[in-house]
Amino acid sequence: MGEDGAVTSAPQRPDGPTSVTRLIATDLDGTLLRDDKSVSHRTVAALAAAEEAGIEVFFVTGRPARWMDVVSDHVQGHGLAICANGAAVVDLHADREFVQVRELPRATALTVVQTLRKAAPGTSFAVERTTGINYEPAYPPFFESPGATVATAEKLLHEEPEDTAAPVLKLLAHHAELAPDEFLALARSAAGAYASITRSSPTALLEISGLGVSKASTLARCCAERGISPAEVVAFGDMPNDVEMLRWAGTSYAMGNAHPDVIAAASGRTVANNEDGVAVVIERILAERSAG
């Protein structure tokens, strides 16, 4: 199917047909959000209709909690969102309060830094904590970060006593010369035994979490708490950091603009984010429910 083709049906998973949808899990950038970072009126209406029909909606993103304002008005019911690729669950109804944190141990982060410096000379790092981001002098200033500490990653990870330091959610690694997928493959080969490594940026920017921490594993925990099985979940994504979640969910959709690995992992495909691909599927789910 071409990038702007029609929505495909989601084939059944090997473990059988999906049940009635009870939860929708959606990535944000490149998936729910349009390229201008807005949530379309159609998407807002679809999310509200899903919640009204009794379907829970979880935003599952690589974004830190401080960047969730764009969707905080559109989460209903539980008010929870999964941030930082599964490293944090936050309550958007309670001013982005951390409900659960799955931190990256500082000793592990240091090992990854040392390993990647050898495997990919020229790599620069940033450290994302629950309190904000700090970074190395060579790390690109992707966004304004007032109050950020600028120092080597080794110093950033040693600056406070272990018992008083804010938890590390993820380590970010950037390379100015390597291609994004090349850098990801190299990093996984060199340091994948120590941490979970993925990417969601179009640049060579890697996101490194504690071993076993992913969108999928944290979503699985949230669903288990609610008695929701994978078969009752419909998930959406577009980049490599969504792959595990799309494989875990009973039904999953790659966006029309998705990375090839995401297309391979998903059980179906919808149109691109700029064409409201998530809303298109939600509308179909609700129409089928009404007809049934």
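Which residues is tyrosine 135 in contact with, leaving aside its neighbours within four places in sequence? In this predicted model, tyrosine 135 is in contact with Phe125, Ala126, Ser145, Ala148, Thr149, Val150, Ala151 and Leu156, once neighbours within four places in sequence are set aside. Tyrosine 135 is found in strand β7, and it counts as buried because its relative accessibility is 16%, which falls under the 20% limit for that class. The C-alpha atom of tyrosine 135 is separated by 9.9 Å from that of alanine 173, a residue 38 places away along the chain.

The structure holds two aromatic pairs. One of them joins tyrosine 135 to tyrosine 139 in a stacked arrangement, with 6.1 Å from centre to centre and 25 degrees between the planes; both of these tyrosines are buried. The other is formed by phenylalanine 236 and tyrosine 253, whose ring centres are 5.5 Å apart and whose planes meet at 20 degrees, so that this pair is likewise stacked. Because phenylalanine 236 lies in strand β11 (residues 233–237) and tyrosine 253 in strand β12 (residues 251–254), the pair ties together parts that are 17 residues apart in sequence. Phenylalanine 236 and tyrosine 253 are both buried.

When residues up to four places away in sequence are not counted, isoleucine 282 touches Ile24, Ala46, Leu47 and Ala50.

On the surface, by contrast, Trp67, Phe142 and Phe143 form a nonpolar patch whose members together have about 300 Å² of accessible area. Phenylalanine 143 lies in the loop between β7 (132–135) and α5 (153–156), and it counts as exposed because its relative accessibility is 52%, the limit for that class being over 50%.

Backbone geometry was also examined. Most residues other than glycine have a negative phi. Alanine 84, although it is not a glycine, has a positive phi of about 50 degrees; the place of this alanine is in the loop between β3 and β4, where, at 1% relative accessibility, alanine 84 counts as buried. Arginine 96, also not a glycine, has a positive phi of about 60 degrees and is found in the loop between β4 and β5 (97–101). Arginine 96 counts as partly exposed, because its relative accessibility is 25%, a value that lies between the limits of under 20% for buried and over 50% for exposed residues.

Notes:
Residues are numbered from 1 along each chain as its sequence is written. This is a predicted model: local features need pLDDT of at least 70, side-chain atom pairs count only at pLDDT 80 or more; totals for chains, interfaces and linings use all residues. Side-chain values use heavy atoms; hydrogens and water are left out. Patches are made of residues with over 30% relative accessible area and no salt bridge: like charges are joined within 9 Å, nonpolar side chains (Val, Leu, Ile, Met, Phe, Trp, Tyr) within 5 Å. Accessible areas come from the Shrake-Rupley method with a 1.4 Å probe; for residues, only the protein chains shown count as cover. A salt bridge is a side-chain nitrogen of Lys or Arg within 4 Å of a carboxyl oxygen of Asp or Glu. Helices (H or I, at least four residues) and strands (E, at least two) are DSSP runs, numbered from the N terminus. Buried means under 20% relative accessible area, exposed over 50%, partly exposed in between (1.4 Å probe, protein chains only). Rings of Phe, Tyr and Trp (its six-membered ring) pair if their centres lie within 6.5 Å; planes under 30 degrees apart count as stacked, over 60 as edge-to-face and the rest as tilted. Contact means heavy atoms within 4.5 Å.
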